[in-house]
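Subject: A structure for you to explore

Hello,

I am handing over a structure that I have been looking through, and I hope you enjoy it. Please open it beside this email and find each residue as you read.

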Amino acid sequence: MTQSPAGQTAQYRLPSRRRVRDGLRAAIVPVVACAVTLTGLTIWTSSGAAGSPPRMAVGNGRVFLPYGNSQETAAFFDIVNVGGSADQLTSVTSPAVERSMLSRHASSGLGADTMRMAGSVQVPAGAALTMSPFGVSVMARKKTSTSWRAGDFVPFVLHFRHGPPVEVLAVVIRPGS
């Protein structure tokens, strides 16, 4: 049993003013929030701060001349992040070194200090990391087939989580000089 369109009674109601007003109020909050967010993001990106990748500048590489017959040594670098976002130094390698690891100086408070392995080291955006024997350093074991003298240069590659690897030369120095 079907009714013809002419026989159907259409009961369409227009929404009341209150329903329209409540609907507009409910919709205006997310629309305003989106507009404010987009405005903020536009200002942030046009200022050059958004999406700027980390860019590392590495210099002042130094590596201690191992003492006596020891193959153990430490290397230090000055790292500057001139990019717009932070990065992490994850490892340091060298063809002249058997193995290397990032380490951090730790004070026990009882007069004895130790070195602890550091998985990675944070380099904030627009900041510098200066490695030293009393902070972050690279502990390394020199290959026995290589001989170093003060003034020699040793190649290193610093690996970062987000940025490309950076090649740098470190000069061999005597500890304390």
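A residue is called buried when its relative accessible area is under 20%, exposed when that value is over 50%, and partly exposed in between. Phe64, with a relative accessible area of 19%, therefore counts as buried. Please keep in mind that this is a predicted model.

**Aromatic pairs**

How many aromatic pairs does the structure hold? There are 2 of them. One joins Phe64 and Phe76: their ring centres are 4.9 Å apart and their planes meet at 65°, so this pair is edge-to-face. Phe64 belongs to strand β1 (residues 56-64) and Phe76 to strand β2 (residues 72-81), so you will find the partners 12 residues apart, in what count as distant parts of the chain. Phe76 is buried as well, with a relative accessible area of 2%.

The other pair is made by Phe77 and Phe156, and it too is edge-to-face, with 5.4 Å from centre to centre and 70° between the planes. Here strand β2, which holds Phe77, is linked to strand β9 (residues 153-160), which holds Phe156, and the two residues are 79 residues apart. Both Phe77 and Phe156 are buried.

While you are looking at rings, find Trp148. The charged end of Lys142 sits over the ring of Trp148, at 5.8 Å from the ring centre.

**Salt bridges**

Side chains of opposite charge can pair when their charged atoms come close. In this model the count comes to 3 salt bridges.

Asp78 pairs with Arg62, and their closest N and O atoms are 3.8 Å apart. Is Arg62 buried or exposed? With 17% relative accessibility, Arg62 counts as buried.

Next comes Arg141, which forms a salt bridge with Glu72; the closest N and O atoms are 2.4 Å apart. Arg141 is in strand β8 (residues 136-142) and Glu72 is in strand β2, so parts 69 residues apart in sequence are tied together. Arg141 is partly exposed, at a relative accessible area of 24%, and Glu72 is also partly exposed, at 39%.

Arg141 also meets the side chain of Glu98 in a salt bridge, at 3.6 Å from N to O. That pair links distant parts of the chain, with Glu98 in strand β4 and Arg141 in strand β8, 43 residues apart. Glu98 counts as partly exposed, at 47% relative accessibility. Which residues are linked in a network of salt bridges? They are Glu72, Glu98 and Arg141.

Start with Asn81, which has its place in strand β2. Asn81 is buried, with a relative accessible area of 0%. Its side chain reaches the backbone oxygen of Pro124 at 3.4 Å. Leaving aside neighbours within four places in sequence, Asn81 is in contact with several residues, including Pro54, Arg55, Ala86, Asp87, Val123 and Pro124.

Then look for Ser94 in the loop between β3 (87-93) and β4 (97-107). Ser94 counts as buried, at 12% relative accessibility. What does the side chain of Ser94 reach at 2.6 Å? That is the backbone oxygen of Pro155. The side chain of Ser94 also reaches the backbone nitrogen of Ala96, at 3.1 Å. Not counting residues up to four places away in sequence, Ser94 touches Val154, Pro155 and Phe156.

Finish with Ser120, in the loop between β5 (113-117) and β6 (121-123). At 25% relative accessibility, Ser120 counts as partly exposed. Ser120 and Phe160 are 40 residues apart in sequence, and their C-alpha atoms are 8.9 Å apart in space. Apart from neighbours within four places in sequence, Ser120 is in contact with Gln88, Leu89, Thr90, Leu102, Arg104 and Arg161.

Enjoy the tour, and write back with any questions.

Best wishes

Notes:
Residues numbered from 1 in each chain as written. Predicted model: local features only at pLDDT ≥ 70, side-chain atom pairs only at ≥ 80, totals over all residues. Heavy atoms only, no water. Phe/Tyr/Trp six-rings, centres within 6.5 Å; stacked < 30°, edge-to-face > 60°. Helix = DSSP H or I, 4+ residues; strand = E, 2+ residues; numbered from the N terminus. Buried < 20%, exposed > 50% of the residue type's maximum accessible area, 1.4 Å probe, protein only. Lys NZ or Arg CZ within 6 Å of the ring centre and 35° of its normal. Polar contact = N/O pair within 3.5 Å; in protein donor to acceptor, adjacent residues only side chain to side chain. Contact = heavy atoms within 4.5 Å. Salt bridge = Lys/Arg side-chain N within 4 Å of Asp/Glu carboxyl O.
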